[in-house]
Amino acid sequence: MTRSLVMGVLRRLSLVLAGLTVWELVARSGMFSPIIVPSLARIGRELWFLATSPGSLVEVWQSLFRGLSGFALASVVGVTLGVVMGRSAVAAAFLSPIFSGTYPIPKIALFPIFIYLFGIGSLAKVVLVFLECLYPIVVTTHAGSRAVNRVLLWSAANMGASRGRILARVVVPAAAPFIFAGFRIALPIAMVVVIITEMISSADGLGYLVMYSLASFKTDRMLAAVVVISLLGLALDRLMVALRDRLVFWERLDSYYAE
Amino acid sequence: MNPRVIGWGLLAAVLGLWQLVATRPEHPEFVLSPVEIAVHFAAALRSGELLPHVGASLLRSLPGFVLGSAIGVILGLLAGVARSLDQMLSPVVFLTYPVPKIVFLPIVMLWIGIGDASKIVIIALACFYPCFVNAYYGARSTPRIMVWASLNMGARRSQVFGKIVVPSALPLVFAGLRVSLALSFILLFSTEMINARSGLGFLIRQAESSLRFDLMYVSIVTVAALGYASDQLLLLARRRVLAWQAATTR
């Protein structure tokens, strides 16, 4: 029993351990210059440097601020639009062709126009994050608020709840599992878009740090930044799952990446 | 009212409004009217300024998409049915799922150069994830009764995989392919905007920095059209392949 458990854990870790071992062996073999494959120790040292220097914390904060403000905007607007589309046939008739028609268009292509409209600062990036996050949230909220059990709506109306009250107290909670599924898709997208826009044009943020370290041949620092970005993406996803389990306590998370 | 009529009506209304705003005397220089964009589009097509870049872009995004999604679908299906592969692969995949794959572009560029290969690798990496996850859950949600029934009727393991698991996972596989396709375009234009000497992302950047707003809008319209057209193609393929699903849900 314990033996199979150990084997299971080993098998789960095997790919990660194998990858790290191969990396370290290649780095130490001297086949490549440390610029191309820096050793894990060097990356760790740079990671420590990033964690302790106040300047790099500012970069982290910049990226987080851009990503989260765009995501927050998209979640407010997206949930509102999705619920309205789900509960009003007129709104759905007007809004759903817009969303389904523009859904497959890569919004990142609009970035140059946004730079002209909103400047090269944070605003253009936040707007692009907002736009990319809006679609999954609207689509899932729309589906969720259409799937609300009619009996709940009827009994709320029967007990004298107004339309607005029904939306806030019945439709939104009933659609919450769907809404959170949309949030879970949108949050990594927010980070991807922030990093991309910072890599394309920026003077701060983690995406800029990656490109700047690459341009100055500090590959170890670049990889440390990559590790930070990865951990950030993971932590945000975990936080979102924790929040979801708190708020949607009546339904177990049984969909994607449940482990 | 027919939703299609409303959709086209809205599109016409937006374009009309845009035309009105863009032809007012005080509009900013970087706003072009739809008619102007259409004229420039035709001109760019004729002058050969556009098509080579479209070709360069497609030669990066299509191999990346095909490679990444094929590996993702195959490994996802296998991990869905084989426990040892599942235990080996799934933790790594689910752990790295929320990581933005674009951050690996610089290191891949260092290893295999700044040419097309690094872009294809990054696009393939990004396309791998949605396909893997969807194929994995598709294979795992195969109805057990069907597997038992086919085993009972004497099917071999490979037959169960090919005739039961794969068809029942197909709807989710297509959902994953659709997400990957959209991702492949996003990654394509970002990698080309970050560094490239050809392609639509490069064209947009170049037009932007040389203040050629006509060319900028033409490339943006081309990007939008390519994204839309490829999505429609995929939906068409899904309708073909999944004809049985439409028949059973009708």
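## Fold and overall form

Chain A contains 10 helices and 0 strands, where helices (H or I, at least four residues) and strands (E, at least two) are DSSP runs numbered from the N terminus. Read from the N terminus, the order of elements is α-α-α-α-α-α-α-α-α-α. Chain A is more spread out than a compact globule, because its radius of gyration is 23 Å, well over the 18 Å that the globule rule gives for 259 residues. This radius is taken over C-alpha atoms, and the rule is 2.2 Å times the number of residues to the power 0.38. Along the principal axes, the C-alpha atoms fill a box of roughly 75 × 65 × 35 Å.

## Basis of the model

This is a predicted model, in which local features need pLDDT of at least 70, side-chain atom pairs count only at pLDDT 80 or more, and totals for chains, interfaces and linings use all residues. Residues are numbered from 1 along each chain as its sequence is written, chains are lettered from A and ligands numbered from 1 in the order in which they are written, and side-chain values use heavy atoms, with hydrogens and water left out.

## Domains

The domain assignment, which is automatic or from a database, divides chain A into domain 1 (1-31) and domain 2 (38-247). Their centres, taken over C-alpha atoms, are separated by 33 Å. Contact (heavy atoms within 4.5 Å) links 4 residues of domain 1 of chain A with 5 residues of domain 2 of chain A.
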